[in-house]
Number of protein chains: 2
Amino acid sequence: MEGAYERVVELAKRRGFFWQAYEIYGGVGGLYVMGPLGVSMKNKIVELWRSMFVRKHGFVEVDAPSLGPYRVFKASGHVDNFMDPVAECLRCGRKFRADHLLAESGVRAGEGAPVEELERLLNGNRVRCPECGASEWRVSRFLTMFETRIGPYSEDVGFLRPETAQGIFTEFRRIYEVTRERLPLGVAQIGRGFRNEISPRQAMIRLREFNMMELEFFMDPEAGCPYMDEVAGDVLPILTEEVAERGGEDVIEVSARDAVERGIVRNACLAYFMALSARFVESLGVPRSHQRFHGKPARERAHYSAQTFDHEVDVPGLGWLEVAGLAYRTDYDLRSHSEASGKDLSVSVRLPEPELVRRTRWRVSSMEELRRAAGDRWKDVMRIISSSEDPAREIAALGLRMEDLPLVREEIVEKVNVRRFYPHVVEPSYGIERLMVASLSWAYGMREGRVILSLPPRVAPVQVAVFPLVSRDGLDDVARRIASELSRSFDVMYDDDGSIGRRYARADEIGVPFAVTVDYETLSDGTVTIRHRDTWEQERVGEGELARRLAELLGVGGPARSPARSGPRSR
Amino acid sequence: MEGAYERVVELAKRRGFFWQAYEIYGGVGGLYVMGPLGVSMKNKIVELWRSMFVRKHGFVEVDAPSLGPYRVFKASGHVDNFMDPVAECLRCGRKFRADHLLAESGVRAGEGAPVEELERLLNGNRVRCPECGASEWRVSRFLTMFETRIGPYSEDVGFLRPETAQGIFTEFRRIYEVTRERLPLGVAQIGRGFRNEISPRQAMIRLREFNMMELEFFMDPEAGCPYMDEVAGDVLPILTEEVAERGGEDVIEVSARDAVERGIVRNACLAYFMALSARFVESLGVPRSHQRFHGKPARERAHYSAQTFDHEVDVPGLGWLEVAGLAYRTDYDLRSHSEASGKDLSVSVRLPEPELVRRTRWRVSSMEELRRAAGDRWKDVMRIISSSEDPAREIAALGLRMEDLPLVREEIVEKVNVRRFYPHVVEPSYGIERLMVASLSWAYGMREGRVILSLPPRVAPVQVAVFPLVSRDGLDDVARRIASELSRSFDVMYDDDGSIGRRYARADEIGVPFAVTVDYETLSDGTVTIRHRDTWEQERVGEGELARRLAELLGVGGPARSPARSGPRSR
């Protein structure tokens, strides 16, 4: 549908879903405001996600700072890898994303192409500067984290998080403790992410500040996925890495279980969350036939990922839009933070039965002799032989030679009850603004020349509109009372301005699923009409039945969920 | 209670309400993480605030970026005023907040004291450096906004917002339009605020990143407060500006209405929100007798405020803690942004009846003559006489003299139907972390040597615990089923680990108001016990009655609220 996306953006702005921030100052690229309807819709998307991804599994949620010190993002790999290629016009000095410039000129370059290649392509293809028309470029790498100083000292560099995930990994030890040290452990975080995009242009798609919902699912890599059965038959539309690498677009349809068994998805829990993700996006109104999981070839993946699928939605008038990333992060993050901080973030699990493990041990044959041979350093030697993995090297570092010391090497067999490892991580990560764009775009339609926003009732920002047929004869008083009562249970809008037809139209345009009208019959028999947005059909119900009937129509009442895990282990 | 605050912080950390962020890297001052229980409690405080401050009045909520460009915070006055005095030790170079150093040394200086005075006081009183013991200081002003660059150009300075409010003021025009141009208009925002504190030390009290709930209430300064009647008799404990200025602590108790009539509170809506604020904080468990409104003397007020009351709570073991600021911001913000942006943010209201206004008008007596006398500039002259407030000056700026032009001065009387003005703003602004500390501190108590966290049920992070008496004979299966069913409506925790006494103790410590126990009687007659946290009393109810009884005990079901105002005006 040509211009469909623009029409959605226009509606969103006019009715107050979202608009560009700081318009009175000319606007700032990549910064958007959610207006009243946007906030309400956002909150409903968040609640739906919470119920499907968090509560259902008994997972927990944390809230960590957006700001982090340099060493956290150095350890996570972002300081070295979170870069975009920036092309600077050598005549006017304007800067653009090099790969986007190429794409707009119809030159293909992969997401992870090195800067030299991009510079060669830009200059070789004489790509013009959109600002001044010149075609000489210098391409370099630009760190897309926002940098600042934390505190009054200029050396204390910090960054705004590009993902909420690091605030979960750095706090893993304590979260694991307060949830009583069990795996699998799901930790969610809902909050802002920040990316200093070079030249963001598309409304609500490429943002410098955005709302994320992320789940870090920590698991034993040797355990299976406990939830697989529930989704095993769900069909996943997958654009495999191999096809994507060749620039192909063909999607295969494969069940979640088959995708794992055929090695297309490398981790069973990753497949589980892909299936859950498809259900979630479907419940936002996007048909499954217009979703796909786009496997990212190695050089296009984030530095931490062993496998990534972008969950993409075919948005009318816009094309494929990534609304989520599902990544198998392995133990990259916990291992990196353990090494960088010196704090062990590994966990131990009790083995079903003890295992026998062979290892080498060093024993001191004479303490007296050791004190003589090592002098003051004898305590260091004791420490090294009891804990070091490479005692010969460490003892040499003390200026001693192992063979001069009274040490005896023993091969022993130990009975081991626990296994230590870094939990592996599967991460589904959502951009709320993009989900909103996808949902609004699929809801947008016309009927008899009028806009109908057929949002699923669970994410509609206003659930019920209440209208008096006319604003006199006490109809408005009754309608206002009904609106106020329904407000206890629903998001309600009251409107008595203009003809009833205009009011229905205004409500349809912002996706209010049901409109209640108070008319003269209400005064005589206490009934009202409920008008359905999508069919324009009406039904008549008694006032006493109204709230129950609306709850039924709206499908209010969440799915079952598991009890919180603040409590101790259940078997 | 000595050490009371420390005990609360210890509990919060051990059970996962909150802890210092990035502990594995040694921690970063002023950055905290909310753990699972903290997030749940925070969400409940937010919902309570929404119901009392937003929904009840039919106000709206927006969500604006944390990042803003330089010119927004220049216009708002923050670039020039949002400063703290920093004292640098001339020997070791460490930096501290000058006024805090003085206060810790028992030297009194007002909040707004100039840097020269602070430097004189530090050096004059030979205040020692906490780091190296020296006592020579240099004091300067430090901008406590986090600075960054938005985009790839080094000149594009931006800041992280120190309050969410500016994201409402800059967007006022559009918010006003989508809510159909009515006053009063309440616009709420819930989100992060950032302040680059110089040397934050107190846990969760002085944070560099924190969660705020702000309401900007826009009103016609000539209208009264439509909500006053509801709170007119509520008693406000006020430490007046005059008493505070003298360093006094005496609080007067005065009704909201009297406070306005006696001129103690300068705006009726400010008094209304103070009364509402006292009710809100009371509902978090802080008795009214331990709250006060601390009037800020002029030099201690923020630059935008005509009157400010800090809403303070007496926290056991900590003293008076500011949990909210209630400010009368007048039209400072809308006026400043209008002037800086060149976009008119004033509004017009229709007068009840037209008013006659006398004004001066200039008329051209002969267009031909004007073209001769002004040449090419005749169009400028036309523009100036039709719109300028000082035509003589502007015409002189064109190089012309008014008396040489064919202009006739007329005194006319105009009928005016509308009045234009900048809406005035009253702002209640809350720090969620501080509310949490206040609530937890007042909930913390001991009973028979055990900790009981007597949180009000509405803000308890876990509402219901479900225990099998023992984990055998099917009791655990029944308990798990009940927990799962209750999870549809409540935040539930299931626990079957250890003796029933230990489980009650663990639940009491995190403030679970009600514990449901499944015992052998359950198997025979289908009844369970509900145990009350604060009294340890038990009642027996049938399983079928359980959810209803818990809802009753928890007081679930919000207060009435007004329908949303996305719809058009109601009269």
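## Basis of the description

Two strands are taken to pair if DSSP finds at least two bridges between them. Helices (H or I, at least four residues) and strands (E, at least two) are DSSP runs, numbered from the N terminus. The model is predicted: local features need pLDDT of at least 70, side-chain atom pairs count only at pLDDT 80 or more, and totals for chains, interfaces and linings use all residues. Residues are numbered from 1 along each chain as its sequence is written, chains are lettered from A and ligands numbered from 1 in the order in which they are written, and side-chain values use heavy atoms, with hydrogens and water left out.

## Sheet β6-β5-β7 of chain A

In chain A, three strands in the order β6-β5-β7 form an open sheet with antiparallel pairing. β6 (95–97) and β7 (137–143) of chain A are the edge strands; each has a single partner strand, so one side of each lacks a neighbour in the sheet. From one strand to the next the twist averages 35°, where axes are lines fitted to C-alpha atoms, for helices over the stretch in contact, and angles run from 0 to 180 degrees between N-to-C directions.

Strand β5 (residues 83–89) of chain A is joined to β6(A) by three bridges, and the two run antiparallel. Within this sheet, E88(A) stands opposite K95(A) in β6(A). Helix α6 (residues 115–124) of chain A packs on the sheet and touches β5 and β7 of chain A, its direction making about 145° with that of β7(A); contact means heavy atoms within 4.5 Å.

## Sheet β4-β9-β8 of chain B

Chain B holds an open sheet of three strands in the order β4-β9-β8, with antiparallel pairing. Its edge strands are β4 (67–69) and β8 (147–149) of chain B, each of which pairs on one side only. On average, neighbouring strands of this sheet are turned by 40° against each other, direction ignored.

Three bridges connect β8(B) with strand β9 (residues 157–160) of chain B, and these strands run antiparallel. R149(B) stands opposite V157(B) in β9(B).

## Helix packing

In chain A, the axes of helix α2 (residues 36–54) and helix α17 (residues 432–443) come within 10 Å and cross at roughly 105°. α2(A) and α17(A) are therefore roughly perpendicular to each other; angles under 35 degrees count as roughly parallel, over 145 as roughly antiparallel, 65 to 115 as roughly perpendicular and the rest as oblique. G38(A), M41(A), K42(A), I45(A) and V46(A) in α2(A) meet I432(A), L435(A), M436(A), S439(A) and L440(A) in α17(A). The residues of this contact divide into seven nonpolar, two polar and one charged: Ala, Val, Leu, Ile, Met, Phe, Trp, Tyr, Cys and Pro count as nonpolar, Asp, Glu, Lys and Arg as charged, and the others, Gly among them, as polar.

In chain B, helix α18 (residues 475–486) packs against helix α21 (residues 543–554) at an angle of about 40°, with the axes 11 Å apart. This angle makes α18(B) oblique to α21(B). V478(B), R481(B), I482(B), E485(B) and L486(B) of α18(B) meet E543(B), L546(B), A547(B) and L550(B) of α21(B). Six nonpolar, no polar and three charged residues make up the contact of α18(B) with α21(B).

## Relation of the two chains

Chain B is superposed on chain A by a rotation of 180° with 0.0 Å of shift along its axis (RMSD 0.3 Å), using least squares on the C-alpha atoms of residues with pLDDT of at least 70 in both copies. The two copies are thus related as by a two-fold rotation axis. In chain B, the C-alpha of T148(B) is the nearest to the axis, at 2.5 Å. The same surface serves both copies, as 100% of the contact residues of chain B recur in chain A.
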